[in-house]
Amino acid sequence: MPLRILRKNDRELSDGELLARFNGGGDLKALGELYSRYMHLVYGVCLKYLRNREESRDAVMNIFEKMASEPGKHSPDNFRAWLYVVTRNHCLMKLRSAAADRSKFEEWATDNEIFMESEAILHPVDREGIETDTALRECIEKLTGLQRESIELFYYKNKCYREIAERLGADEKKVKSLLQNGKRNLKICLEGKNVRY
């Protein structure tokens, strides 16, 4: 009778054994099991640095995809500690890239006198510390129900398009349209009150 070799269930394997399986033969199931053990920690670190749920979820997937494309490249002694450093570095690179993009835009903006009317950076609802906050609130109250709710959820409660769409029972394109039209109506209202911004 041939000897049957029993293979441990992936959940019973240590971090090191799972990593060895992935590094040895590109076993994505092993990597998936290993990563799922720490995915909540990866998400927590991303949320701490990026301060945005959608971007943090994307970062969790991006980190996994990068690891999955590099079997045999990494063999840390302590996977959890190594993964924390990788996650933190990923977030810092993302923040640096976003800061560089903002810097490029600001440089472009100072070199160009003509701006698009719908440019978000020029709108009062996008600015912090606006001195006409009372007038802005009055104008928000004059918006139609869905425009007002979209503006308040997006700018004051920091909800993303998807979250607003779910709340309103609409699709994301409708939410974008509501926000754009709401901002245009706010601008008209503020100009009618002779508010400078």
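**Disulfide.** I began with the cysteines and found a disulfide joining Cys139 to Cys189, S to S 2.1 Å. The cut-off I used for a disulfide is a pair of cysteine sulfur atoms within 2.5 Å. The pair links distant parts of the chain, with Cys139 in helix α5 (residues 133–142) and Cys189 in helix α8 (residues 172–192), 50 residues apart. I took helices as DSSP runs (H or I, at least four residues) and strands likewise (E, at least two), numbered from the N terminus. The torsion about the S-S bond of Cys139 and Cys189 is about -80°, so I logged the disulfide as left-handed. Searching the whole structure, I got one disulfide.

**Ground rules.** This is a predicted model, so I asked for pLDDT of at least 70 for local features and 80 or more for side-chain atom pairs, while totals for chains, interfaces and linings use all residues. I number residues from 1 along each chain as its sequence is written, and my side-chain values use heavy atoms, with hydrogens and water left out.

**Burial.** I called a residue buried under 20% relative accessible area, exposed over 50% and partly exposed in between (1.4 Å probe, protein chains only). Cys139 and Cys189 are both buried.

**Cys46 and Cys91.** I checked Cys46 next. Its closest cysteine sulfur is in Cys91, 3.7 Å away, too far for a bond. Cys91 is in no disulfide. Cys46 has 0% relative accessibility and counts as buried. I read 0% for Cys91 as well, so Cys91 is buried.

**Cys160.** I located Cys160 in the loop between α6 (145–156) and α7 (161–168). Its relative accessibility is 18%, so Cys160 counts as buried. From Cys160 to Asn52 I get 9.0 Å, C-alpha to C-alpha, across 108 residues of sequence.

**Arg51.** I found a positive phi of about 55° at Arg51, which is not a glycine. Arg51 sits in the loop between α2 (28–50) and α3 (53–68). With a relative accessible area of 74%, Arg51 is exposed.

**Rings.** I paired rings of Phe, Tyr and Trp (its six-membered ring) if their centres lie within 6.5 Å; planes under 30 degrees apart are stacked, over 60 edge-to-face, the rest tilted. My count is four aromatic pairs. One of them is Tyr38 with Phe79, centres 5.8 Å apart and planes at 45°, so this pair is tilted. Tyr38 is in helix α2 and Phe79 in helix α4 (residues 79–111), 41 residues apart. Both Tyr38 and Phe79 are buried. The rings of Phe79 and Trp82 are also tilted, with centres 5.7 Å apart and planes at 40°. Phe79 and Trp82 both lie in helix α4, three residues apart, about one turn. I noted Tyr38, Phe79 and Trp82 as one aromatic cluster.
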